[in-house]
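Here are my notes on the ligand site and the backbone around it. Please read them with the model open.

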Amino acid sequence: MSAKTPVIFWFRSDLRLSDNPALSAAVQRGAPVIPVYILDDQSPAQWKRGGASRWWLHQSLLSLDARLQKSGFHPLVCLSGAAGAELDKIIAETGARGVYWNRCYEPWAMTRDTAIKENLKSRGIEVQSFSAYLMFEPWSIQNKTGGSYKVFTPFSKACLEQSGAIRPALAAAKPAIRFDGKSLSKGIGIDGLNLMPRIKWYGGMAAEWTPGEQGAQARFDAFLPDGVGLYKAERDFPAKDGVSKLSPHLHFGEISPHQIWHAVSHVIAAKGGAGNFAAQAQAFLRQLIWREFSYHLLYHAPDFPDQPWNKQFTRFPWRKDAETLEKWKRGKTGYPIIDAGMRQLWQTGWMHNRVRMIVGSFLVKNLLLDWRDGEEWFWDTLVDADLGNNAAGWQWIAGCGADAAPYFRVFNPILQSKKFDAAGTYIRRYVPELQEMPDSLIHAPWEAPPMLRSSAKDYPPPIVDLTQSRDRALKAYAESKSAA
Ligand SMILES: Cc1cc2nc3c(=O)[nH]c(=O)nc-3n(C[C@H](O)[C@H](O)[C@H](O)COP(=O)(O)OP(=O)(O)OC[C@H]3O[C@@H](n4cnc5c(N)ncnc54)[C@H](O)[C@@H]3O)c2cc1C
């Protein structure tokens, strides 16, 4: 390959220039690099990106394109269609002799990428793939018998034992030679991907987030060190700024887990490596290992997003009830903490983890609706919608996942609300109908005296009775268990 023959860098879940191993390797090749993004809605089938993700992707690509050009790269080339065919078109146009990418771990992406790699290699085109999305390849963490882990704690222990091998973060890539673009037709541009919705429902998301590598770094800088130092104590209280909100940035690869891991580890060491700060910060690092665990599970059970990991749940008698599901989605269940969570999701594209667990438990247990209904709604509305984490979260809460919360453990939304949002600050933020309710009654407003209830007359009554619905769920569980 001559030094002038270009190589393609294919951006996927790694929309950043810093700590991007495949981009750094492409640049180090000494050849001009063609930066490409392909919107492939065909390969993922039912897991093509949802609405909130598409909004984020549009913004993130704009930010990436600006950053690429500022760093001296050719502008981002955007294409839409089956990835293999689109890559072939650019190869034919430009004579590129190599394709570089960082690996993705969705089962559909692994199947697609393996086929693309074989096809390109058979035609003499160099293909190089790298690890960037995860700190550990999902197949590299093995138990003593060489198998996969099913329980988080030993998995986490195995990761921590190997944490010395987490590669240091790389500096931002800069082009050796700029690709002149003469041979390349223009592509369709970021607007041509049609990611932005026609109806402007994304105002709340735009106010909340700054997609892109710089937005990710700013969010992380704001969280480190104070947020990290209080993480364990504050992470469960949705009204507080107790969590990092890095999930969409991590999902789109605007920041890498390696960058976060090393920066936090550095601060822990600088503060003496032990004591309260270390305990708080280690609880934060542990969350990154949950993310690795989701992908470990997904790799070993590719049907994880659709099928219960615990096969005992295959014939579980989930109800079909479109009207009730709709009330849950819209935040009109009559349970304030549930409705606040569902409205936070709708308005901002994100929901606090504690509240994800409460609304999830309510859906699958009190409403007895299928966890996949919840998973699908999250997929469409979360800006951090992520195949591995979403499936793992839903299977955990439904009790059918590996190392899941037992099905018979039913969260009581009123007690959870009193414990984690005692003053009702989070509820009032998203449920304006309850603005006037005193703290002591805001968790169960139907218990308020009539005069106070009239201040919340637009707020619906509870859609189910907690005791009866809990009993119904436990009965369904006992029956399905004995039938299995
Ligand atoms: C029903 C349900 C569905 C979920 N769906 C998703 C999803 O689609 N995408 C997603 O990224 N997370 C999902 N989660 C996990 C978790 O709720 C979010 O990662 C977290 O709320 C993101 O907020 P944060 O960035 O402030 O997290 P922090 O608490 O600051 O944690 C830092 C990072 O660790 C990772 N992390 C934290 N908690 C978990 C977890 N339980 N499992 C896996 N990784 C974790 C995330 O990447 C997160 O950004 C889901 C959880 C549940 C219960």
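1. Which polar backbone atom lies 3.1 Å from an oxygen atom of the ligand? The atom belongs to Asp386. A polar contact here is a pair of N or O atoms within 3.5 Å; within protein, one must be able to donate a hydrogen and the other to accept it, and residues adjacent in sequence count only if both atoms are side-chain atoms.

2. This is a predicted model: local features need pLDDT of at least 70, side-chain atom pairs count only at pLDDT 80 or more, and totals for chains, interfaces and linings use all residues. Residues are numbered from 1 along each chain as its sequence is written, and side-chain values use heavy atoms, with hydrogens and water left out.

3. An N or O atom in the side chain of Tyr231 is 2.5 Å from a ligand oxygen. For Gln287, a side-chain N or O atom is 3.3 Å from a ligand nitrogen. The protein buries 94% of the 810 Å² that the ligand exposes when taken alone (Shrake-Rupley method, 1.4 Å probe).

4. The shell holds 26 residues around the ligand, each with a heavy atom within 4 Å of it. Those that come nearest are Tyr231, Ser244, Lys245, Asn353 and Asp384. By class, 13 are nonpolar, eight polar and five charged; Gly counts as polar, and Tyr as nonpolar.

5. Which elements give two or more residues to the shell around the ligand? They are α10 (247-251), α12 (275-300), α15 (353-366) and α17 (387-398). The most come from α12, with six residues. Helices are DSSP runs of H or I, at least four residues, numbered from the N terminus.

6. Domain 2 (134-168 + 214-300) and domain 3 (311-478) each supply at least three residues to the shell. The domain bounds come from an automatic or database assignment.

7. Two backbone features deserve a look. Lys245, in the loop between α9 (231-234) and α10, has a positive phi of about 55 degrees and is not a glycine. Leu224 and Pro225 are joined by a cis peptide bond, with omega about 10 degrees. Pro225 lies in the loop between α7 (213-223) and α8 (226-229). Most residues other than glycine have a negative phi, and most peptide bonds are trans.
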